[in-house]
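This briefing covers one protein structure. Look over the sequence and the model first, then read the points below.

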Amino acid sequence: MAAGLVSSGLVLLLPVEAAGYVQSLEEFPLKEIGSPRWFRQHEYIEKLNMQAIINATADQDEFVKETIYSHAKVPTLIHELLAIEVWKQKVFPILCQLQDFNPKSTFPIYIAIHHEATIINLLETILYHKDVCDSADEAVLDLADYCHRKVTLLAARNDDPENQEQNKPSPASLKELQKQNQELEFDISLKALSILRYITDHIDSLPLCVQTRLLNTHNIPCVLVHLLEYCPWSRSGPKGELQKYADGKWHTVPTEDRLKITKLDGQVWIALYNLILKPDCQQRYDFNNFNKNQLLKLQSFLTEVVIDQIPNLVELQRFLGHLAMTDPPPAKKDLILEQVPDIRNRIIQENFNKWKALAKHQVKTAFNPSEQDLREQAQRLTETYNLDVMENLIPDHPKCGFCGAEAAKRCSRCQVERYCRRECQVKHWSKHKKACDLLAVAAKQN
């Protein structure tokens, strides 16, 4: 994929454009989510995200990462990530239950739901680098708490999220949005797991309160042990075959690859290695009876096959052998002054008891657009998403919009939807027509 991107010269943003977008990034109050200015910033972050992925994948100059770092915008991105998380938890469920809300199009709401995924994708790409992670400053504490919430949800994930229902009935279009939100939450949680691993990579240079938060407040090592035990990114398929989640979908694993460690397995092991073996973390962690017994569960997973794939884990294996032979140290009685995360708490306090009022305000001002508003949004989308770039970012071939088979043909009007044959296009037309009209008008205006 990287070679294809380089050879075809696909570039979504020039460095000067990226700099302009990054400089304009700002923190929005919850009330502004869905507003024209907020949507414009979402488009900027989406473009920055796609360009950052292109640069990292093709081993090019990572000017998006450098620009975000030099303008100290990581805390801003973390604020926006937490703001949309709070909105999805507090406002979105109320919005879906409003009896008089039946929008012509749910697309603006979907963009708001997808906003969290866009930001965490961008953060996952850039936080691999130590200087960017350090530049988060005190906001990294909020990010660590965010990752803990997501990883905990991942560990407690229901195997059949489609059966989760809302307490009150909603229109069919909003029910579909709720289902998409649940599916998106799984992907977001996996991205949070990767970011958590990057935080542990750089934990020695981060504020001391991050260590305390991860090790003592949240006991992340035990959470990660639970993840390895239940492995939510692995499941049995309908015919009993092993399936693993990667690149946004479930894949059937060939018999010869069953023992291969996935990227997600690797993130958990590396995070555990960092949190247990780094000297500062080892001194700070409480190896009491409970924690000791949980960590010793790792011994059964540290097989020769696993250690062959991640050789550094032999040090973890030795440490666990030593831990099994020693008694837990006496309980620590040190006085601990702990810094607490501020961003999410501040957002919640500012909007406390205003959730329903926010939902009603946004229904009137943002999420019930006119036909003209939808056309303008569609036009901006065609400017944001370069189809050639998008297709290079997607690892698989395009799929038919009706049957899901591999598709080589595009809708001739909108040039967006794909089909494998004429019959599928005809059968899908009733569902595709409205979106096709909007995209076709936008394309002509461009």
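The protein has 22 helices and five strands; helices (H or I, at least four residues) and strands (E, at least two) are DSSP runs, numbered from the N terminus. This is a predicted model, in which local features need pLDDT of at least 70 and side-chain atom pairs count only at pLDDT 80 or more, while totals for chains, interfaces and linings use all residues. Residues are numbered from 1 along each chain as its sequence is written, and side-chain values use heavy atoms, with hydrogens and water left out.

**Whole protein**

- Of the 446 residues, 49% are buried; buried means under 20% relative accessible area, exposed over 50%, and partly exposed in between (1.4 Å probe, protein chains only).
- Take the contacts (heavy atoms within 4.5 Å) between residues at least 6 apart in sequence: 76% of them join residues at least 24 apart.
- The accessible surface is about 22300 Å², and carbon and sulfur atoms account for 51% of that surface. Accessible areas come from the Shrake-Rupley method with a 1.4 Å probe; for residues, only the protein chains shown count as cover.

- An open sheet is built from three strands in the order 1-2-3, with antiparallel pairing; two strands pair if DSSP finds at least two bridges between them.
- From one strand to the next, the twist averages 35°. Axes are lines fitted to C-alpha atoms, for helices over the stretch in contact, and angles run from 0 to 180 degrees between N-to-C directions.
- Four bridges join strand 2 (residues 242–246) to strand 3 in the antiparallel sense.
- Tyr245 is opposite Trp250 of strand 3.

- Leu14 sits in the loop between helix 1 (2–8) and helix 2 (15–24).
- The relative accessible area of Leu14 is 48%, so Leu14 counts as partly exposed.
- Together with Val11 and Val16, Leu14 forms a nonpolar patch on the surface, with about 290 Å² of accessible area in total. Patches are made of residues with over 30% relative accessible area and no salt bridge; like charges are joined within 9 Å, nonpolar side chains (Val, Leu, Ile, Met, Phe, Trp, Tyr) within 5 Å. A salt bridge is a side-chain nitrogen of Lys or Arg within 4 Å of a carboxyl oxygen of Asp or Glu.

**Lys356**

- Lys356 belongs to helix 19 (residues 355–365).
- Lys356 is partly exposed, because its relative accessible area is 48%.
- Leaving aside residues up to four places away in sequence, Lys356 touches Ile94 and Leu98.
- Lys356 and Phe92 are 264 residues apart along the chain, and 9.6 Å separates their C-alpha atoms.
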